[in-house]
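Me: I have a structure open here and I'm new to it. Can you walk me through it?

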Amino acid sequence: MSFIRKRHAGEQDFELNLASIIDCFTVLITYLLVSASFISLGALDVSVASSVPSNEAPPPTPPVDVTVLIGRSGKYTVKLTGPKNESVSLPSKEGQPDLTALTDYIGNLKTQWSLEAITLAADDGVEYHEVVKTVEVMRKLVTAVTFGDRP
Amino acid sequence: MKRRRRFGKRTPQKMDMALQITSMADIFTIILVFLLKSASTGVSTITPGSSVSLPGANFSDELSESLKLEISPESILLDDKPVATLENYRLDKADLERDGTVRPLNLALINQRQKKTNSPDEHSHLMLLADRRAPYAIVKTVMDSAANQGFSDLKLVVVEDP
C-alpha cells in the first residue's frame, strides 16, 4: 500500500507566499499594541447639589440628612440633621482618613434609618484621591452620593 | 594567493534554507484577533492626558461614554479642548464668575448644552477625569460650573484597582 500520491498531469506544487502577510500582521500588531490602553477604567456615579433641576430622577429623600465632611488632616465629621441631630468626629488613623470607622458608622446609620443618600463635602485642600476613596466607601453602602456645601 | 585558495576550500556546502513561517503566521493571527477584540470592547476614547494621574478604586459603576471634563495641573479641558488655564490647580481670578464658577467653562458647557438640545437622545452625564493630587477646591468649582449648566450627574472616572 502506498501513500505517495501520483501527480496528475498539469498539477503543480505551489506555496502561498506568507512573507507579505506576516509584514502586514506585524504592522497591525505594532499599531494595536501602541494604541492599546492597558488600564481598566471605571466610574463612580455622584451628583452635585444645584439650583438647576436635573433631567434624572431626584435622589430618594433621606429619613435623616447625613453630611460627611472630610477635614484636611484626614478627620471625618459626620453631621446628622432631621429627626436626630448629632455631630460625630472620626479622627484620622496614622495621618490617613479612617475609612473602616466611617464604613462602620455609616453602616450603623443605614441599618437604623434605611439610609440611601449621603451628602459629601470637604475642606478646600483635601486631595481628590481622598475624596474618591470616601465616595467609593459610601457608594458601597448607599445608592446616592451628592456633593454639597460645607455645613 | 595560497591563503585565498585555502579559504576557498573551506566554503561550506550551499544548502537551500527556507524559514518555516506558517506557524508564525498562526501566532500572529491569534494575537491580532485578541488585540482587535480587546480594542473593540473597551471605551477606547477615554484616555486621560499625560499630566493626569487618575485615582484608584476597587468598586465602580458602569462607565459609559459621555462628555469628558478633565482637570490637570495646568488646565481644564472639555472634550480634550482646553477651556481654562490653571497655574498649579489655581484659576486666574479673571476667569471666575461672581458665584465662584469658571466663566470660560460655563460658556463651553452652554455650547455643549445647545448641541445636546439638538440631539436629545444623548445623556446629560459628564465624565470627570481629575488628577489624584487636585485639591477639592478646584474640583468643587468645576463641579459647580457643570451643575449650574444642567450637568449635575457626574461620573468620577477612576482606575480600577486589581
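Me: Start with Ser114(A). Is that residue buried or exposed?
Reply: Ser114(A) counts as exposed because its relative accessibility is 55%. The cut-offs are under 20% relative accessible area for buried, over 50% for exposed and partly exposed in between, with a 1.4 Å probe and protein chains only.

Me: Before I go on, what kind of model is this, and how is it numbered?
Reply: This is a predicted model, in which local features need pLDDT of at least 70, side-chain atom pairs count only at pLDDT 80 or more, and totals for chains, interfaces and linings use all residues. Residues are numbered from 1 along each chain as its sequence is written, chains are lettered from A and ligands numbered from 1 in the order in which they are written, and side-chain values use heavy atoms, with hydrogens and water left out.

Me: Back to Ser114(A). Where does it sit?
Reply: Ser114(A) is in the loop between α2 and β5 of chain A. Its phi is near 50°, a positive value in a residue other than glycine. Most residues other than glycine have a negative phi.

Me: Which loop holds Glu94(A), and what is its phi?
Reply: Glu94(A) lies in the loop between β4 and α2 (99-113) of chain A, and its phi is near 55°, a positive value in a residue other than glycine. Glu94(A) counts as exposed because its relative accessibility is 79%.

Me: Ok, zoom out. How many helices and strands does chain A have?
Reply: Chain A has three helices and six strands, in the order α-β-β-β-β-α-β-α-β along the sequence. These are DSSP runs numbered from the N terminus: helices are H or I with at least four residues, strands are E with at least two. Of the 151 residues of chain A, 38% count as buried.

Me: And chain B?
Reply: Chain B has four helices and seven strands, in the order α-α-β-β-β-β-β-α-β-α-β. Buried residues are 42% of its 162 residues.

Me: Which strands pair with β3 in chain A?
Reply: β3(A), residues 76-81, pairs with β2(A), residues 65-70, in the antiparallel sense over six bridges. β3(A) also pairs with β4(A), residues 86-90, again antiparallel, over five bridges. Two strands pair if DSSP finds at least two bridges between them.

Me: Which residues stand opposite each other there?
Reply: Val66(A) has Leu80(A) in β3(A) as its bridge partner, and Thr77(A) stands opposite Ser89(A) in β4(A).

Me: What about the hairpin turns?
Reply: The hairpin of β2(A) and β3(A) has five residues between the strands, and Gly74(A) there takes a positive phi near 95°. In the hairpin of β3(A) and β4(A), with four residues between the strands, Gly82(A) takes a positive phi near 120°.

Me: Now the two chains together. How many residues are in contact?
Reply: 45 residues of chain A are in contact with 51 residues of chain B, where contact means heavy atoms within 4.5 Å. The area buried between the chains is about 4,300 Å², with carbon and sulfur atoms giving 65% of that. Buried area is the accessible area (1.4 Å probe) that two parts lose on being put together, summed over both.

Me: How many salt bridges cross the interface?
Reply: The rule finds four salt bridges between chain A and chain B, taking a side-chain nitrogen of Lys or Arg within 4 Å of a carboxyl oxygen of Asp or Glu. One of them joins Glu127(A) and Arg133(B), with the closest N and O atoms 2.6 Å apart.

Me: Last one, Asp61(B). What does it touch in chain A?
Reply: Asp61(B) touches Gly42(A), Ala43(A), Leu44(A), Asp45(A) and Arg139(A), not counting residues up to four places away in sequence. Asp61(B) counts as buried because its relative accessibility is 17%.
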